[in-house]
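I opened the model to look up a few things before planning further reading. My notes are below, in the order I made them.

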Amino acid sequence: MLRTALRNVLAHKARLLMTVLAVCLGVAFVSGTLVFADSSSAAYRAAVSRNFADIAVSVTPKFAPSATAEDQRTTVLDDALVRKLAKLPGVTTARPLADGTATLSAKDGSPLRAGKTWANLAAAYVPGEGGRDSRYPLVNGRAPHNSDEVAVDSGTAAAGGFGIGDMVTMATNGPVMTKRLVGIVSTKDPRVTAGGTLALFDKATAQRLFASPGHYTGIDLAAAPGTAQSELSDRVTAVLPADRAEVSTATAQAAQQAVNVDVLTRGYEKMPMIFAGVSLFIGSFLIVNTFTMLVTRRTREIALLRAIGASRRQVVRSVLLEAALVGLAASAVGFPLGLGVASVLPDILNTSQEVLPSGPLVISAQPVVAALAVGVGVTVLAAWLPSRRAARIAPVEAMRSAEQPPSAARSRIRGLVGLVLLVLGAGLLVSLAGAKDASEGNLDSAMLGCALLGAALIVLAPLLADPVVRLIGRLTTRFGVIGHLARENALRDPRRTAATASALMITTALVAGLAVIGNSTGQALDRQAASGLGADYVISTRDTTTAIDTAAVRRVADTSGVRTASAIADSTLFTGGKSQQISGVDPETVNSVMKLHFVSGSAKNLGPGRIAVSRTLAEQGGLSAGSRLNASIGRGQDFKQYSVVGVYEDNPVARDALGYRPEVQNNSFMPGSVQRLLVRTDNNAVSKDTESRLRAAVGNNPLLKVQDRGQLVHEAAGTVGNLLTLMYGLLVIGVVIAALGIVNTLAMSVSERTREIGVLRAIGMDRVGIRRMIRLEAVTVAAFGTLLGLLGGLFGAWAVGALANGAITQYSLALPWGTLALVCLMSLALGAVAAALPARRAAALSPLRAATEL
């Protein structure tokens, strides 16, 4: 039986090649993702190790949970403590730190590494012996000596186009600053070398920005040779003020960094692993179909083996052995492709502004084993059903020349199982459609419903093939006899037709569903971004730790062309055990910059102790105009009674509640701060000049965004970018595998119908007619899979999308007709293109050769 399996693989190597290609795609994604994760982890760990090479122990301040931001600026770490630690036995150097973050602007005004404040590092340049800082070796220029000077690393200088003597605009956590670049340094910090930025100030300036004069944010200690980190840690702990500072060894810090790296790299694995899972799932249909057709074609051969003594178990093992050899070949091809995937993933992820390390590929045993397990395991598992079918072939089948159709009982069982899955899946989705609650539990249930629905379509596809193909055949019959033959050929074996169309059906369902959800979500976010906004421009902060200073607010109000500049202070409104968002506004100007529709009351009545609430918050709390609400603004503030002076329709700009701006400002997380500035211009003058004047008014601060309504909509639409990337990726994978399946099926079908094609040629059908017949058959199969996939995908998108109403208030189903039409056209074109090779082979058959075929 082993020799038989090897002979069968070699005899059908051309047909099994399609299966190898389909499986190797999944193997490539799995192995490539694992190699990428290992390589990224190794690069991070190597960078972290280099960064901690000269550090044995680090001392950092410790604060009480109730400490305010201002309290945290004054630490116990001062020059006296630095001198005390430097004198401890085993300490060679004690280096004080004054670290924070700073966002720099490029020469064109755009922020460097926008949105990645944790990678926008800033620190003090601390001169040692010879007036140089060993942690930041100078590459060019000199160290900063006063508050008007700054140094940056070489990567930041290149990214920003900076040179010695240039003026660099930046912001830490307040007004914008402009400093002269006097030095360029190198650094081993992995956050910087992987694409972050670094700004270095003189020690006094860094203390003022990130701590307080005379105090530090940390102290790094280097150990003398022979001094263990744990031993030095004990000595340092003994001299530190109790509960005011803590000690950590470099080993412990590196271990924590390793944990962070593992979490980060696991996040990078998600998208490639989704592609791997989908490609293997769709490829399994090709495997099942290929081995089913091979078993069917070898029915008489297997029956003869049974007749001469082969047991059912031996037949199963023989088929599974063939599958294992195919899987082994797929693993051998897929793993090198996976190395290519691993090498390009950093470039792909870096384009999305992710900070990734650089380093060589690390090939461990895990991806190799995974490639073998996935390739062989998936192929053998998919071939199990065909192997069981082969084992059921009785010796008497050797005397039959035609394939026996499935029994009526088996068809009834298939129909019953399919209907049960259909009822369960559709019922679950319909029950969730009215929930409008995008909770994790409901989303998991929706995914289960979609899976059940997909399984139902797969099971019912052979039973649906006859009526659906006959319906589609009404179009192909317009081509005359050739169209009739193409339809009948597709109906000849409904199971084969269904199996061939299943890959395309699953792909179409996934792509159509994601396209509908993505289009609906994008349009909802577009409407939500501009809904309720009466202003022409919104000036806002890039993160929650930044505020707009009052001087910038005044400059914006005085800018030419500005009619109204209304400052908004955002904070949190605590009501019992719940928290809501509250916007502090000026009653005199709010109506000119927000589109507020009050159900009752008015924004003019806002004042100290008086708030307005959205309709949703009013319904949740049973509130109305005139009600009293026990709440507090900002964490740690006392609860008090607020008068509700109005209820307005939900407004994303106004958020859950409106309050009196001075009161919200004084009781927010950042007292006195303003987070947004809504600007109304004269005659709605939205232009590049107006935007430039507004940017200049806020000092071209890289921590602030100046956006008009169109830019807000564009930014909101960008949140569905990952979904669209996933959709197009799945489409490419599914199309490739579906094409391989169609080619494989038609090639075998042509081989089986050699004599039939010869007869058609003998009675007058020309080669063009043969090619057209094969192409129409492929298009019919593709149309069948596309139609079922569209129906399943649209139904799933409707049910899953209905849950989005709980998270996106303006969500409504919006069909992307253009995308759906493109998917349909691509599917039909796929059928025609995939049939080119089998059609050419069929047309090349001569009547004489066909007559000699057995």
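**Entry 1: the chain.** I note at the start that this is a predicted model. I looked up the secondary structure of the protein chain and found 29 helices and 22 strands. I then checked burial: of the 854 residues, 51% count as buried. Among contacts between residues at least 6 apart in sequence, 81% join residues at least 24 apart.

**Entry 2: cysteines.** I wanted the disulfide count. A disulfide is a covalent bond between the sulfur atoms of two cysteines. With sulfur atoms within 2.5 Å as the cut-off, I get 0 disulfides. I looked up the accessibility of two cysteines as well. Cys-24 has a relative accessible area of 3% and is therefore buried, since buried means under 20%.

Entry 3: Rolling a probe the size of a water molecule over the atoms shows where empty space is left. The structure holds 3 cavities of 30 Å³ or more. I followed up the second largest cavity, which has a volume of about 40 Å³.

Which residues line the second largest cavity? I list Phe-285, Leu-286, Asn-289, Ala-499, Thr-500, Ala-503, Gly-741 and Thr-745. By class, this lining has 4 nonpolar, 4 polar and no charged residues. Three helices each supply at least two residues of the lining: α9 (250–297), α17 (494–530) and α24 (721–752).

**Entry 4: Gly-483.** I picked out Gly-483, which lies in helix α16 (residues 481–492). Is Gly-483 buried or exposed? Its relative accessibility is 0%, so I count Gly-483 as buried. I then looked up what Gly-483 touches. Leaving out residues up to four places away in sequence, Gly-483 is in contact with Thr-476, Thr-477 and Leu-776. I also checked Met-773, which is 290 residues from Gly-483 along the chain. The C-alpha atoms of Gly-483 and Met-773 are separated by 6.6 Å.

Notes. Residues are numbered from 1 along each chain as its sequence is written. This is a predicted model: local features need pLDDT of at least 70, side-chain atom pairs count only at pLDDT 80 or more; totals for chains, interfaces and linings use all residues. Side-chain values use heavy atoms; hydrogens and water are left out. Buried means under 20% relative accessible area, exposed over 50%, partly exposed in between (1.4 Å probe, protein chains only). On a 1 Å grid over the protein atoms alone, a cavity is a set of points where a 1.4 Å probe fits but cannot get out, and a pocket is an open set with protein on both sides within 12 Å along at least five of seven lines; lining residues have an atom within 4 Å of a point. Grid points are joined across faces, edges and corners, and a volume is the space filled by probe spheres set on the points. Helices (H or I, at least four residues) and strands (E, at least two) are DSSP runs, numbered from the N terminus. Ala, Val, Leu, Ile, Met, Phe, Trp, Tyr, Cys and Pro count as nonpolar, Asp, Glu, Lys and Arg as charged, and the others, Gly among them, as polar. Contact means heavy atoms within 4.5 Å.
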